[in-house]
Amino acid sequence: MLQITTNEGEEVNPLIDTFADLVKSNCESSLKKEKRARKMDCTIQINAVDTGRTVTLAFQKGDLTITDGAKADPTLIVSADLDGLIAMTNVKCFWGFPVGYYTPFGLRHILWKLLIGKTRVKGMITHPISLLRLQEVLSERG
């Protein structure tokens, strides 16, 4: 089982509980997603640009630590508004690949925002496997 630890900062950050609940729920509902999460060894910083909140997800082969704020040298940095972050969790994945990007929902809410710069993913070219694994673990569908 994936061990999830949360570390709050000085202020309450609702994104910490949101991502902890999302990953826990997805891993409990799918053995494949839990195996994928246990294999991950990377650090992902997620910025909700419209709220000014940041969380860091540190996957360390079987452990996930979610902390408030940015940590040094993340593998990926995902910056989006809350709608964009929620849209990423609604993408269907098939064999580890996000196939839901090519649906009307995915085109409108994810790819379009990537193209116009409202959603940014720093490190997606240098760490594509980490991005695909993150997408699969966070996706509530498929």
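# Reading burial, packing and phi

User: Does C27 count as buried or exposed?

Analyst: C27 counts as buried, because its relative accessibility is 6%. Buried means under 20% relative accessible area, exposed means over 50%, and partly exposed lies in between (1.4 Å probe, protein chains only). This is a predicted model, where local features need pLDDT of at least 70, side-chain atom pairs count only at pLDDT 80 or more, and totals for chains, interfaces and linings use all residues. Residues are numbered from 1 along each chain as its sequence is written, and side-chain values use heavy atoms, with hydrogens and water left out.

User: What is the relative accessible area of C42?

Analyst: For C42 the value is 5%, so C42 is buried. Now look for disulfides. A disulfide is a pair of cysteine sulfur atoms within 2.5 Å. By this rule, the count is 0.

User: How many helices and strands are in the protein chain?

Analyst: The chain has 5 helices and 8 strands. Both are DSSP runs, numbered from the N terminus: helices are H or I with at least four residues, strands are E with at least two. In sequence order, the pattern reads β-α-α-β-β-β-β-α-β-β-α-β-α. Of the 142 residues in the chain, 45% are buried.

User: Helices next. At what angle do α1 and α2 pack?

Analyst: Start with the general idea. Two packed helices are described by the angle between their axes and by the distance between those axes. Axes are lines fitted to C-alpha atoms, for helices over the stretch in contact, and angles run from 0 to 180 degrees between N-to-C directions. Here α1 (residues 14-29) and α2 (residues 31-39) pack at about 125 degrees, with axes 5 Å apart. So α1 is oblique to α2. The classes are: under 35 degrees, roughly parallel; over 145, roughly antiparallel; 65 to 115, roughly perpendicular; the rest, oblique.

User: Which residues in α1 meet α2?

Analyst: N26, C27 and S29 in α1 meet L31, K33, E34 and A37 in α2. Contact means heavy atoms within 4.5 Å. By class, this contact has 3 nonpolar, 2 polar and 2 charged residues. Ala, Val, Leu, Ile, Met, Phe, Trp, Tyr, Cys and Pro count as nonpolar; Asp, Glu, Lys and Arg as charged; the others, Gly among them, as polar.

User: Is K113 buried or exposed?

Analyst: K113 is buried, because its relative accessible area is 13%. Find K113 in helix α4 (residues 104-116). Leave aside neighbours within four places in sequence, and K113 contacts D81, D83, G84, K118 and T119.

User: Where is N13?

Analyst: N13 sits in the loop between β1 (3-7) and α1. Its relative accessibility is 0%, so N13 counts as buried. Beyond neighbours within four places in sequence, N13 touches E8, R53, T54, V55 and D68.

User: Now phi. What is the phi of K61?

Analyst: The general idea: most residues other than glycine have a negative phi. K61 has a positive phi, near 40 degrees. K61 lies in the loop between β3 (53-60) and β4 (63-68). At 58% relative accessibility, K61 counts as exposed.

User: Where is D73 found?

Analyst: Look in the loop between β4 and β5 (76-80). D73 also has a positive phi, near 55 degrees. D73 counts as exposed, because its relative accessibility is 73%.
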